Amino acid sequence: MRFELYRDAGGEWRWRLRVQNGNVIADSGEGYVRREDCEHAIALVKRSQEASTVDMTNKIA
(Lines give C-alpha, C1' and ligand atoms only; values in the text may rest on other atoms or scores of the structure.)
Protein backbone atom coordinates (compact mmCIF):
# COMPACT_ATOMS: atom_id res chain seq x y z
CA MET A 1 0.00 0.00 0.00
CA ARG A 2 1.04 3.58 -0.45
CA PHE A 3 -0.23 7.04 0.41
CA GLU A 4 -0.30 9.40 -2.54
CA LEU A 5 -0.10 13.12 -1.80
CA TYR A 6 -1.30 15.39 -4.60
CA ARG A 7 -2.92 18.70 -5.50
CA ASP A 8 -6.49 18.72 -6.78
CA ALA A 9 -7.92 20.87 -9.58
CA GLY A 10 -8.55 23.69 -7.08
CA GLY A 11 -4.93 23.66 -5.89
CA GLU A 12 -5.64 22.09 -2.50
CA TRP A 13 -3.61 19.22 -1.06
CA ARG A 14 -5.23 15.78 -0.80
CA TRP A 15 -4.17 12.23 -0.08
CA ARG A 16 -5.36 8.79 -1.15
CA LEU A 17 -4.41 5.31 0.00
CA ARG A 18 -3.84 2.93 -2.88
CA VAL A 19 -3.41 -0.85 -2.60
CA GLN A 20 -1.12 -3.03 -4.67
CA ASN A 21 -3.74 -3.75 -7.35
CA GLY A 22 -4.16 -0.02 -7.97
CA ASN A 23 -7.51 0.46 -6.23
CA VAL A 24 -8.01 3.44 -3.94
CA ILE A 25 -9.35 2.23 -0.59
CA ALA A 26 -9.39 5.57 1.26
CA ASP A 27 -9.01 9.26 0.55
CA SER A 28 -8.80 12.51 2.43
CA GLY A 29 -12.41 13.47 1.76
CA GLU A 30 -11.39 17.13 1.93
CA GLY A 31 -8.71 19.39 0.55
CA TYR A 32 -6.07 21.14 2.63
CA VAL A 33 -4.61 24.57 1.94
CA ARG A 34 -1.29 23.65 3.55
CA ARG A 35 0.71 20.57 2.61
CA GLU A 36 1.69 20.15 6.28
CA ASP A 37 -1.97 19.77 7.26
CA CYS A 38 -2.43 17.06 4.64
CA GLU A 39 0.68 15.25 5.88
CA HIS A 40 -0.68 15.49 9.43
CA ALA A 41 -3.92 13.85 8.28
CA ILE A 42 -1.90 11.00 6.75
CA ALA A 43 -0.07 10.55 10.06
CA LEU A 44 -3.42 10.35 11.89
CA VAL A 45 -4.62 7.60 9.55
CA LYS A 46 -1.37 5.70 10.02
CA ARG A 47 -1.98 5.75 13.78
CA SER A 48 -5.60 4.61 13.38
CA GLN A 49 -4.59 0.98 13.90
CA GLU A 50 -5.14 1.78 17.58
CA ALA A 51 -8.80 2.63 16.95
CA SER A 52 -11.48 0.22 18.07
CA THR A 53 -14.06 -1.31 15.73
CA VAL A 54 -17.70 -0.70 16.63
CA ASP A 55 -20.42 -2.88 15.09
CA MET A 56 -23.16 -0.41 14.15
CA THR A 57 -25.49 -2.97 12.52
CA ASN A 58 -27.65 -3.24 15.64
CA LYS A 59 -27.70 0.48 16.47
CA ILE A 60 -30.83 2.50 15.81
CA ALA A 61 -30.09 5.47 13.58
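Trainee: Which residue forms a salt bridge with Glu4, the closest N and O atoms being 2.9 Å apart?

Mentor: Side chains of opposite charge can pair when their charged atoms come close. A salt bridge is counted when a side-chain nitrogen of Lys or Arg is within 4 Å of a carboxyl oxygen of Asp or Glu. Here Arg18 is the partner of Glu4. The pair links distant parts of the chain, with Arg18 in strand E2 and Glu4 in strand E1, 14 residues apart. Helices (H or I, at least four residues) and strands (E, at least two) are DSSP runs, numbered from the N terminus.

Trainee: What must I know about the model before reading further?

Mentor: It is a predicted model, in which local features need pLDDT of at least 70 and side-chain atom pairs count only at pLDDT 80 or more, while totals for chains, interfaces and linings use all residues. Residues are numbered from 1 along each chain as its sequence is written, and side-chain values use heavy atoms, with hydrogens and water left out.

Trainee: How many salt bridges does the structure hold?

Mentor: There are six. One of them joins the side chains of Arg2 and Glu4, at 2.6 Å from N to O. Another joins Asp8 and Arg14, at 2.7 Å from N to O. Through shared partners, salt bridges join Arg2, Glu4, Arg16 and Arg18 into one network.

Trainee: Is Glu4 buried or exposed?

Mentor: Buried means under 20% relative accessible area, exposed over 50%, and partly exposed in between (1.4 Å probe, protein chains only). Glu4 has a relative accessible area of 13%, so Glu4 is buried. Arg2 is partly exposed because its value is 48%, and Arg14, at 22%, also counts as partly exposed.

Trainee: How do E1 and E2 run?

Mentor: Two strands pair if DSSP finds at least two bridges between them. E1 (2-7) and E2 (13-18) run antiparallel and are joined by six bridges. Tyr6 has Arg14 in E2 as its bridge partner. In the hairpin of these two strands, five residues lie between them, and Gly11 takes a positive phi near 90 degrees.

Trainee: In what sense do E2 and E3 pair?

Mentor: They also pair in the antiparallel sense, over three bridges. Leu17 stands opposite Ala26 in E3. This hairpin likewise has five residues between the strands, and Gly22 takes a positive phi near 100 degrees. Gln20 lies in the loop between E2 and E3. Gln20 is exposed because its relative accessible area is 82%. Gln20 and Met1 are 19 residues apart in sequence, yet their C-alpha atoms are 5.7 Å apart in space.

Trainee: Which residues make up the largest nonpolar core?

Mentor: A nonpolar core is a set of buried Ala, Val, Leu, Ile, Met, Phe, Trp, Tyr and Cys residues joined through side-chain atoms within 4.5 Å. The largest one has seven residues: Trp13, Trp15, Leu17, Tyr32, Cys38, Ala41 and Ile42.

Trainee: Which residues of H1 are buried?

Mentor: They are Cys38, Ala41 and Ile42. Seen down the axis of H1, these residues fall within an arc of 100 degrees, taken from the directions from the helix axis to the C-beta atoms, so they line one face of the helix. They pack against E1 and E2, where contact means heavy atoms within 4.5 Å.
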